[in-house]
Amino acid sequence: MPQQPARGTRLFTVTADTLVAVDFGPRTKRRPPGPYGRLFARPGTRAFTLANLLARLPMGMFSVSAVVMIAGTRGSYALAGAVTATGLAATALVAPWTARLVDRYGQARVAVPATLVAALGSLALLLCVRHDAPAWTLFAAYAATATTPNTGGMSRARWAHLLDGDPDALHTANSFEQAADELCFMLGPVLAAFLCGAFFPEAGTLVGVALLVTGVLAFAAQRSTEPPPSGRTTTGATTTTPPAPSPLRSPGMPPLLAVCLALGAVFGSTEVVTIAFADAQGHRTAAGVVLALQAAGSCAAGLLYGRVRFAGPAEDRYPWCVAAMTALLILPLLAASLTGSLLLLSAALLVAGMATAPTMITNMTLVQRRTPEGRLNEGMTLAVTALLGGIACGSAAGGWVVEHLAPTAGYGVPVTAAAVALLVALAWPGVRTAAA
């Protein structure tokens, strides 16, 4: 039986007066890997990324699950909103301290016990709701969840440690992380609502706790990619380097946090106003899908943004990103005011969301550059804390405008908040001055 020629060999033969050459090599050339392929070709990156995504998904589940669980059992959305607001405020106070401990003692040593405390807080809330405990116990239990570590910040810290000296690869990594944030906050509420509605009100909280604990344990187990604690070298030897100053004292950090506060107001007000607008149109259940479209636009733009290589510094393009976000947020205001169509509003939010990820990616890049060495988790957690504070303020402002004016007028709140962010980015020199 004749054997098949090996791949890559060439055969030559003569037929009459013609020389025939046959090439058995592959017909297509293998394309070189793109920026994301090169990023995840590094050892250990896929393992810690998958574990971190598993731990990050519940971040978009817990608040929705708590509201459904409390409101469904106690019959009070006011109580549910107050409990979740208390947890948000507690997180804003505790998260920077947790991040400081992560920087000082390492991710695995701090994240695991902090996660277990937060998981016990969520389970305590579930038991208090189920057994009709006094209302104050709900506030106390949910406040205990404030120890939840900033999983997205820890993942970004690992990339910064692994990609030190490669700004292009770090830009791609930051873009991926922002897209992952958008994906988790897009799927988390949908998953929570499905679990609570399809099974029982506590299902969303139970699944969220299981995902969080499992993800953090798997993430902490990836020790090869973990950055060394501050004050220690990669070999574990203690150094005599004095502790780095607080990120709040770093030049340019306060204005960046002020921009984060304004951007958080954009996100919080958009969510509340969109729910109110959909309710006024008689399609309240569609609000989640409409908001998911905005997150989908941001996620797609973030992945595309990560493939682009920029020649100039991030400080130069940052105001342009905020300006684009401000301009595109006018589209939902026009769609709601001029047409009153939920379908056109969905399209407008999809387009408007495309400026969110580039702005947040550039913002996090600047935060990383201005954070002192050894305090990276704390610096990024401060940015997240500012975002959470802005979300709370934006939700309150958007709700007030909707209640006292109209849902369509509520879309002026995110436009105003984005304009404030733009003014800060343009007027405060520290934002546009490259870090030394």
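Q: What makes the pairing of aspartate 181 with arginine 156 a salt bridge?
A: In this predicted model, the closest N and O atoms of aspartate 181 and arginine 156 are 2.9 Å apart; because the cut-off for a side-chain nitrogen of Arg and a carboxyl oxygen of Asp is 4 Å, the pair counts as a salt bridge.

Q: Why is aspartate 181 called buried?
A: Its relative accessibility is 17%, and because buried means under 20%, aspartate 181 falls into that class.

Q: Why does arginine 156 count as buried?
A: For arginine 156 the relative accessibility is 5%, and since the limit is under 20%, this residue is buried.

Q: What makes the contact between aspartate 181 and arginine 56 a salt bridge, and which parts of the chain does the pair link?
A: Here the closest N and O atoms are 2.7 Å apart, which is to be set against a cut-off of 4 Å, and the pair is therefore a salt bridge. The pair links distant parts of the chain, with aspartate 181 in helix H8 (residues 167-198) and arginine 56 in helix H2 (residues 45-56), 125 residues apart. Arginine 56 is buried, as is aspartate 181.

Q: Is glutamate 226 buried or exposed, and is its salt-bridge partner arginine 223 buried or exposed?
A: Glutamate 226 and arginine 223 form a salt bridge whose closest N and O atoms are 2.9 Å apart. At 12% relative accessibility glutamate 226 counts as buried, whereas arginine 223, at 52%, counts as exposed, because the limits are under 20% for buried and over 50% for exposed.

Q: Which residues do salt bridges with shared partners join into one network?
A: The network consists of Arg56, Arg156, Glu177 and Asp181, and the structure holds five salt bridges.

Q: Why is aspartate 103 called buried, and which residues does it touch?
A: Aspartate 103, in helix H4 (residues 77-105), has a relative accessibility of 8% and so counts as buried, the limit being under 20%. Leaving aside residues up to four places away in sequence, aspartate 103 touches Pro229, Ser230, Gly374, Arg375, Leu376, Asn377 and Glu378.

Q: Where does pLDDT stay under 50?
A: This holds over residues 233-240, for which the model has ten contacts beyond four places in sequence. Where pLDDT is low, the predicted coordinates should not be read in detail. The chain as a whole averages a pLDDT of 80, and 86% of the residues score at least 70.

Definitions and conventions. Residues are numbered from 1 along each chain as its sequence is written. Side-chain values use heavy atoms; hydrogens and water are left out. Helices (H or I, at least four residues) and strands (E, at least two) are DSSP runs, numbered from the N terminus. Buried means under 20% relative accessible area, exposed over 50%, partly exposed in between (1.4 Å probe, protein chains only). Contact means heavy atoms within 4.5 Å. pLDDT is the predictor's confidence in each residue, from 0 to 100.
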